Amino acid sequence: MKKKIFGAILIAAALAAGALCGCSDGKTSSSEESTTAPAQTPAATEGEEPTTQTERPTYEITENINKDMETMKAADIVSQMKLGISIGNSLDSTNSGIIRIDQPWKWETAWGNPKISKELVDALVDAGFNTIRIPVSWTDHLAPEPDYLIVESWMDRVQQVVDYAYDRGVYVILNLHHEDWNYPYYDNQEKACEIMEAVWIQIAERFKDYDEHLIFEGQNEPRKVGTSLEWNGGDKEGWDVVNATNKAFIKTVRNSGGSNPYRILVIPDYAANSTTALDHLEVPEDDDRIVVSVHAYTPYNFALNANGSAEWNNDTQDIDALMSKLKTLFTDKGIPVIIGEFGAVNKDNAEERAQWLKYYMSAAKEIGVPCFWWDNGSFKSNGENLGFIDRLTNEIICPELLEAMKEVYPE
């Protein structure tokens, strides 16, 4: 049974920020919008009341746990995932300039997509997607320190969208997406861990009684934005801080209430990088409910470079190298992996994209890795047209791609 309650009781002292983080050391993917907007709480318009929480929820682990989840491992859940899709450039939109806190959809539509509707989610589920990733940015919806309270109308809207999919019985991945506070520098590590804890303690409380179909993803592509290290795999500082913030996320959720001690959790490496940074990702050895996520639009010139080749030419080298690396580092060791974002830009090359997609997903399936198409809702821009479904008509615009996916995962 899902509960929609924020009230709770005291958490153990171990959840204090310092003990939790151990952090005393002093692109946005080009398929997404970028932002460096400061975290802020929108001001209410005249006559409106702010809807942030009046106090930060704290709690203890209770007996109200879905007992079926106690024996579930991450590998069990990931093995059930087949067709995956991210509903991008919607709840993850940021920096809209909107100040009305009673209209959370003003942020949701800031990057040109309509509100996510139940009909849209139903259409995706009916098309065969059994895992839906819901990227969410929280930066614009946080009150100031020390509690970083989430605006309640935003949390309510996020929960409504989660429920669209959750109520259909599919797997749902909820994350932190475009955040401006988790940049991986040593001098930001303690603050990033503090905010990571504050945000996830609230999300975990809101969704604590959801079963294994709801999965938490700690963060998305944490990296040194705007630097030469942003997309090239990072450095030791970046790897260390990402590992620290991942640990803060895991410990926060594990020490929260309801079903969260048994919930499947997803962590990325630096920038969700699919090459160098993966070698430096730390995965807890004592927690078999952890999934690794990478993002891979590969080969780049065909898949993501809008000015690149429209012909794939059976260029399998990069895909094969990716799968080999994931297998060696993780799946051979029993650590499940998802490719949390992938896709190929539409260059009026439906047949080429379908052939590429079938090979890519087949190679991933062979090592037990499900893939999530990044649907940014874009079909006619001058850049990365990765749209999959028309969000106004709920029609699949790329039936060739859906057919290729279903050849890999027949119903």
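Guide: What follows is a set of questions and answers about this model, which is a predicted one.

Visitor: How are helix 6 and helix 7 oriented towards each other, roughly parallel or roughly antiparallel?
Guide: Helix 6 covers residues 186-206 and helix 7 covers residues 236-254, and the two pack with their axes 9 Å apart at an angle of about 25 degrees. Angles under 35 degrees count as roughly parallel. Helix 6 and helix 7 are therefore roughly parallel.

Visitor: Is the crossing of helix 6 and helix 7 left-handed or right-handed, and how do the residues of their contact divide?
Guide: Where helix 6 passes helix 7, the crossing is right-handed. On the side of helix 6 the contact includes Tyr 186, Cys 193, Met 196 and Trp 200, and these belong to a set that meets residues of helix 7, among them Lys 236, Val 241, Phe 249 and Val 253. Sorted by type, the residues of this contact divide into 11 nonpolar, three polar and four charged.

Visitor: Which word describes helix 9 and helix 10, roughly parallel or roughly perpendicular?
Guide: Helix 9 (residues 317-329) packs with helix 10 (residues 350-366) at an angle of about 20 degrees, and their axes lie 10 Å apart. Since angles under 35 degrees count as roughly parallel, the description that applies to helix 9 and helix 10 is roughly parallel.

Visitor: Which residues of helix 9 and helix 10 meet, and how many of them are charged?
Guide: From helix 9 come Ile 319, Asp 320, Leu 322 and Met 323, while helix 10 contributes Trp 356, Tyr 359, Tyr 360, Ala 363 and Ala 364. The residues of this contact divide into eight nonpolar and no polar, and the number that are charged is one.

Visitor: Where is Lys 327, and how far is its C-alpha from that of Gly 368?
Guide: Lys 327 has its place in helix 9, and with a relative accessible area of 37% it is partly exposed. Leaving aside residues up to four places away in sequence, Lys 327 touches Asp 332 and Ile 367. Although Lys 327 and Gly 368 are 41 residues apart in sequence, the distance in space between their C-alpha atoms is 8.9 Å.

Visitor: Is Ser 86 buried or exposed, and with which side chain does its own side chain make a polar contact?
Guide: Ser 86 has its place in strand 1, which covers residues 83-87. Buried means under 20% relative accessible area, and Ser 86, at 0%, is therefore buried. Not counting residues up to four places away in sequence, the residues that Ser 86 touches include Pro 135, Gly 340, Trp 373 and Asp 375. At 3.1 Å, the side chain of Ser 86 makes a polar contact with the side chain of Arg 133.

Visitor: Where does His 213 lie, and which backbone oxygen does its side chain reach?
Guide: His 213 lies in the loop between helix 6 and strand 4 (214-217), and at 17% relative accessibility it counts as buried. Among the residues that His 213 touches, not counting those up to four places away in sequence, are Tyr 166, Val 170 and Tyr 171. At 3.5 Å, its side chain reaches the backbone oxygen of Gly 169.

Visitor: How far apart are the C-alpha atoms of Gly 169 and Leu 214?
Guide: Gly 169 lies in the loop between helix 5 and strand 3 (171-175), and it is partly exposed, with a relative accessible area of 43%. Gly 169 and Leu 214 are 45 residues apart along the chain, and the separation of their C-alpha atoms is 9.8 Å.

Visitor: What is the phi of Ala 271, and what is the phi of Ala 272?
Guide: Ala 271 has its place in the loop between strand 5 (265-268) and strand 6, and Ala 272 has its place in that loop as well. Ala 271 is buried at a relative accessible area of 5%, and Ala 272 counts as buried at 1%. Neither is a glycine, yet phi is positive in both, at about 60 degrees for Ala 271 and about 50 degrees for Ala 272.

How values were computed:
Residues are numbered from 1 along each chain as its sequence is written. This is a predicted model: local features need pLDDT of at least 70, side-chain atom pairs count only at pLDDT 80 or more; totals for chains, interfaces and linings use all residues. Side-chain values use heavy atoms; hydrogens and water are left out. Axes are lines fitted to C-alpha atoms, for helices over the stretch in contact, and angles run from 0 to 180 degrees between N-to-C directions. Helices (H or I, at least four residues) and strands (E, at least two) are DSSP runs, numbered from the N terminus. Angles under 35 degrees count as roughly parallel, over 145 as roughly antiparallel, 65 to 115 as roughly perpendicular and the rest as oblique. Contact means heavy atoms within 4.5 Å. Ala, Val, Leu, Ile, Met, Phe, Trp, Tyr, Cys and Pro count as nonpolar, Asp, Glu, Lys and Arg as charged, and the others, Gly among them, as polar. Buried means under 20% relative accessible area, exposed over 50%, partly exposed in between (1.4 Å probe, protein chains only). A polar contact is a pair of N or O atoms within 3.5 Å; within protein, one must be able to donate a hydrogen and the other to accept it, and residues adjacent in sequence count only if both atoms are side-chain atoms. A crossing is left-handed if the near helix is turned anticlockwise from the far one by less than a right angle, and right-handed if clockwise.
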